[in-house]
Amino acid sequence: GKHGEEVGYLKAAASRIEEAAKHAKDDAKAKDAVKLAGETISKQLDSAVKNNDFVYHESIPGPDALPEIKGSSLVKPMPIQVSDPSVSGHDIFAKLVPMKAHELSSVYSEEKARLLRHVGSLIEAK
C-alpha cells in the first residue's frame with residue numbers, strides 16, 4: 001500500500017543521504033544542504049514508520065520493489081506569438097538608429113562643414 005511504499009522510499013532516501021554526505025565532505029554548502037535534507041528525511045521516516053506500525057500495518061517493500069516515481073507536468077504549454085505586442089510588450093529597440101545611419105550622418109556633417117569653410121574662405125578672399 002501507499003504507506004508501506006512511503007516508508008520504503010524514505011528508507012531508500014536515508015541510505016542515499018549517507019552516500020551524499022560522504023561525497024559532500026569537502027564542500028561546506030553541500031555538507032549543510034545534505035545535513036538539512038538528512039534531518040528532514042529522518043523526521044519524515046520516523047513519522048511514517050510510527051504511522052505504519054500503529055495504524056496501517058502495511059508491508060514495506062525493498063528498494064528494488066518500489067515502483068519508479070514518474071514526473072508529472074505541472075503546467076500546460078501555450079503557443080505564443082513573439083511578435084504580438086500584447087505578449088512581448090512594446091519594441092524596446094524601436095528608437096534605435098542603425099549604425100550605418102549614424103555613419104552617413106557623420107559623413108554628411110563633415111561634408112557640410114567642409115563646404116561652409118570653403119564658401120567662407122571664398123567670401124573672405126573677395
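**The whole chain**

Begin with the protein chain in cartoon view: from the N terminus on, its elements run α-α-α-α. The radius of gyration, which is taken over C-alpha atoms, is 36 Å for the protein chain, well over the 14 Å that the globule rule gives for 126 residues, so the chain is more spread out than a compact globule. That rule is 2.2 Å times the number of residues to the power 0.38. The count of elements is four helices and zero strands. Helices (H or I, at least four residues) and strands (E, at least two) are DSSP runs, numbered from the N terminus.

This is a predicted model, in which local features need pLDDT of at least 70 and side-chain atom pairs count only at pLDDT 80 or more, while totals for chains, interfaces and linings use all residues. Residues are numbered from 1 along each chain as its sequence is written, and side-chain values use heavy atoms, with hydrogens and water left out.

Turn the view to see the extent of the C-alpha trace, which spans about 115 × 40 × 20 Å along its principal axes.

**Surface, contacts and charges**

Of the 126 residues, 10% are buried. Buried means under 20% relative accessible area, exposed means over 50%, and partly exposed lies in between (1.4 Å probe, protein chains only).

Contact means heavy atoms within 4.5 Å. Among the contacts in the protein chain with a separation of 6 or more, 72% are between residues 24 or more positions apart.

Next, colour by charge. The protein chain has 18 positive and 19 negative charges, and their mean positions are 7 Å apart. Lys and Arg count as positive and Asp and Glu as negative; His and the chain ends are not counted. Each charge is placed at NZ of Lys, CZ of Arg, CG of Asp or CD of Glu.

**Stop 1: helix α1**

Select residues 2-23, which form helix α1. At 1.5 Å a residue, its 22 residues should span 32 Å, and the end C-alpha atoms are 31 Å apart, which agrees. The expected span is 1.5 Å times one less than the number of residues.

Now show side chains. Which residues of α1 are buried? They are G4, V7, G8, L10, A12 and I17. The buried residues of α1 pack against α2 (28-56). An α-helix has 3.6 residues a turn, so residues three or four places apart point the same way.

Move to H23, also in helix α1. At 71% relative accessibility, H23 counts as exposed. Draw a distance from H23 to V34, eleven residues away along the chain: their C-alpha atoms are separated by 9.8 Å.

**Stop 2: helix α2**

Select α2 next. Its 29 residues should span 42 Å at 1.5 Å a residue, and its end C-alpha atoms are 40 Å apart, which agrees. V34, I41, L45, A48 and N52 are the buried residues here, and they pack against α1.

Is N52 buried or exposed? N52 is buried, with a relative accessible area of 3%. Leaving aside neighbours within four places in sequence, N52 is in contact with H3, G4, V7, H57, E58 and I60.

K35 is also found in helix α2, but K35 is exposed, with a relative accessible area of 54%. From K35 to S15, 20 residues apart in sequence, the C-alpha to C-alpha distance is 13 Å.

**Stop 3**

Finish in the loop between α2 and α3 (85-88), where H57 is found. H57 has a positive phi of about 55° although it is not a glycine. This residue, H57, is exposed, with a relative accessible area of 60%.

Then select D64, placed in the loop between α2 and α3. D64 is exposed, at 79% relative accessible area. D64 and G8 are 56 residues apart in sequence, and 9.7 Å apart in space from C-alpha to C-alpha.
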